[in-house]
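Have a look at the model first.

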Amino acid sequence: MIQAPKGTFDVLPDDAVRRERLEREAARVLGAAGYRRIETPAFEATELFTRGVGEATDIVQKEMYTFDDGGGRSLTLRPEGTAPVCRAYIEHGMHKLPQPVKLWYLSSFFRAEAPQRGRYRQFWQVGAEAIGSASPETDAELIVLLAELLEALGVRGVKLTISSLGSPETRAEYRDELRGYLRDHEQQLSPEVRGRIDLNPLRAFDASDRGTREVMRDAPKLLDRLAPEDAEHFAQVRALLDDAGIHYELDPALVRGLDYYTRTLFEFSSDALGAQSGVGGGGRYDRLMELLDGPRTPGCGWAAGVERILLSAGELPVQADVVDLFVSLASDDVGRTAFSLALQARRAGLNAQLELAGRSLRGQLRHADRIGARYVAIVGEEGTSLKNMETGEQLELSPNEVIPTILRGSRLS
Ligand code: ATP
Ligand code: MG
């Protein structure tokens with residue numbers, strides 16, 4: 001038996017309804033702040049991600065689905081959305097538009113990871129990017145928007161942590177300092193952390209083994225090394241979040257998987273999730289555009305995992321589908337009349353379903369009841385009887401009286 005590939009899943013109709021609800025809320029929350037939707041290709045030139053996400057990241061080192069397109073060009077299924085959106089910004093000359101350009105997406109992404117609850121090989125993210133503004137209001141507004149989206153969707157146990165990474169120059173100096181510190185304590189570190197001291201010493205903050213954690217408690221912190229203008233930017237972001245009544249924790253050890261971040265960094269987690277507690281995160285990426293050969297342009301954004309939002313949101317109230325009319329057949333010979341009645345009902349704006357399974361008349365009525373049809377039209381050779389399923393009232397009509405009768409009834413109720 002052929003099954004869905006490991007780490008993938010089918011979105012069945014009940015789940016699709018919850019996703020539609022998420023999409024509507026995202027469109028509402030982000031649309032109100034002037035964000036407009038964008039969709040980029042599902043695969044891109046591999047170089048976009050090696051450059052734009054960074055060679056030292058888990059994503060590039062272990063998680064990309066990369067293939068040859070048959071003509072010697074290396075392509076990669078998109079593992080994230082920021083680099084593609086920035087590529088599109090450059091490619092379409094969006095720097096000529098009023099800045100910042102505010103975009104949002106809801107798309108699927110691909111990472112070769114060990115599948116578990118909340119971690120898949122194809123998953124969906126809702127994301128927002130504001131490109132062309134360095135103002136702290138942009139960072140704070142983006143954080144507020146994600147907080148509001150999670151709130152609107154009823155995500156439980158939400159926690160926000162924020163930090164600042166400063167500039168790449170400060171980071172480089174700090175990295176050297178941290179490398180020195182890690183080397184001084186090499187014996188206590190896990191082999192994995194030790195192996196990464198040169199490549200990415202910041203990742204030591206992410207380690208879960210006791211030895212490394214103990215060393216990291218007293219490690220120098222980047223937040224204490226920020227340049228004055230970066231520290232000021234961060235202070236303004238925090239003040240705006242305070243004004244907005246958004247609660248957050250400062251986590252000087254917050255380190256994200258992506259290498260291109262500058263200044264503000266944030267993550268929303270939920271304790272309704274297990275080990276994979278990250279719901280969404282993002283930050284500022286003022287140097288990414290140059291890495292992609294674009295004009296120097298500041299940017300800020302976030303991405304949140306759709307499956308993790310839904311896992312931590314519990315029951316989302318969704319509206320049941322309304323069925324105004326179920327068209328049933330009293331005999332085999334009325335197929336064309338019944339078919340055209342259902343068609344005309346839909347053209348008149350009603351939700352109408354036609355019997356398609358050859359059930360007995362009793363079976364058809366039971367089915368109409370099960371799907372919650374408001375009316376059932378039983379099409380016979382002599383005429384049509386229309387049954388109001390709420391009142392039980394039944395009228396004998398000619399086929400062309402059926403729709404006006406339902407429409408009159410709908411207006412009365
Ligand atoms: P994690 O630490 O859980 O691996 P990450 O740092 O790789 O997360 P990001 O790249 O920042 O995550 O992606 C943003 C969000 O996308 C995450 O917070 C999570 O909700 C979701 N996400 C990331 N990877 C996956 C995945 N493999 N399956 C499902 N959702 C994912
Ligand atoms: Mg990850």
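Q: Which are the buried residues of α6?
A: They are T170, R171, Y174, R175, L178, R179, Y181 and L182. Buried means under 20% relative accessible area, exposed means over 50%, and partly exposed is in between (1.4 Å probe, protein chains only). This is a predicted model, where local features need pLDDT of at least 70, side-chain atom pairs count only at pLDDT 80 or more, and totals for chains, interfaces and linings use all residues. Residues are numbered from 1 along each chain as its sequence is written, and side-chain values use heavy atoms, with hydrogens and water left out.

Q: What makes the span of helix α6 close to the expected one?
A: Helix α6 runs over residues 168-184, 17 residues in total, and reaches 24 Å from first C-alpha to last. The expected span is 1.5 Å times one less than the number of residues, and for α6 that is 24 Å. Helices here are DSSP runs (H or I, at least four residues), strands likewise (E, at least two), numbered from the N terminus.

Q: What do the buried residues of α6 pack against?
A: Their partners are α8 (210-217), α9 (228-243) and β9 (262-270). Contact means heavy atoms within 4.5 Å.

Q: Why is R179 called buried?
A: Its relative accessible area is 15%, so R179 goes down as buried.

Q: What makes R179 and D176 a salt bridge?
A: The rule asks for a side-chain nitrogen of Lys or Arg within 4 Å of a carboxyl oxygen of Asp or Glu. R179 and D176 have an N to O distance of 3.0 Å, so they qualify. Both lie in helix α6, 3 residues apart, about one turn of the helix.

Q: How many salt bridges does this rule give?
A: The count comes to 27. Some salt bridges join up: D58, K62, R196, R203 and D206 are linked in a network.

Q: How do you know that R284 and D139 pair up, and where do they sit?
A: Their side chains meet in a salt bridge at 2.7 Å, N to O. The pair links distant parts of the chain, with R284 in strand β10 (residues 278-284) and D139 in helix α5, 145 residues apart. R284 has 0% relative accessible area, so it is buried; D139, also at 0%, counts as buried too.

Q: Buried or partly exposed: what are E113 and R119 called?
A: E113 is at 13% relative accessibility, so it counts as buried. R119 is at 21%, so it counts as partly exposed. Their side chains meet in a salt bridge of 2.9 Å, N to O.

Q: Why is T384 called buried?
A: T384 has 1% relative accessibility, so the label is buried. T384 belongs to strand β15 (residues 384-388). Leaving aside residues up to four places away in sequence, T384 touches A377, I378, V379, L395, E396, L397, P399 and V402.

Q: What is in the lining of the second largest cavity, by class?
A: The lining divides into 8 nonpolar, 2 polar and no charged residues. Nonpolar covers Ala, Val, Leu, Ile, Met, Phe, Trp, Tyr, Cys and Pro; charged covers Asp, Glu, Lys and Arg; the others, Gly among them, are polar. Of the 10 lining residues, L165, L202, L222, P252 and L254 lie nearest the centre of this cavity.

Definitions and conventions. Chains lettered and ligands numbered in written order. 1 Å grid on protein atoms, 1.4 Å probe; cavity = no way out; pocket = protein on both sides within 12 Å on 5 of 7 lines; lining within 4 Å.
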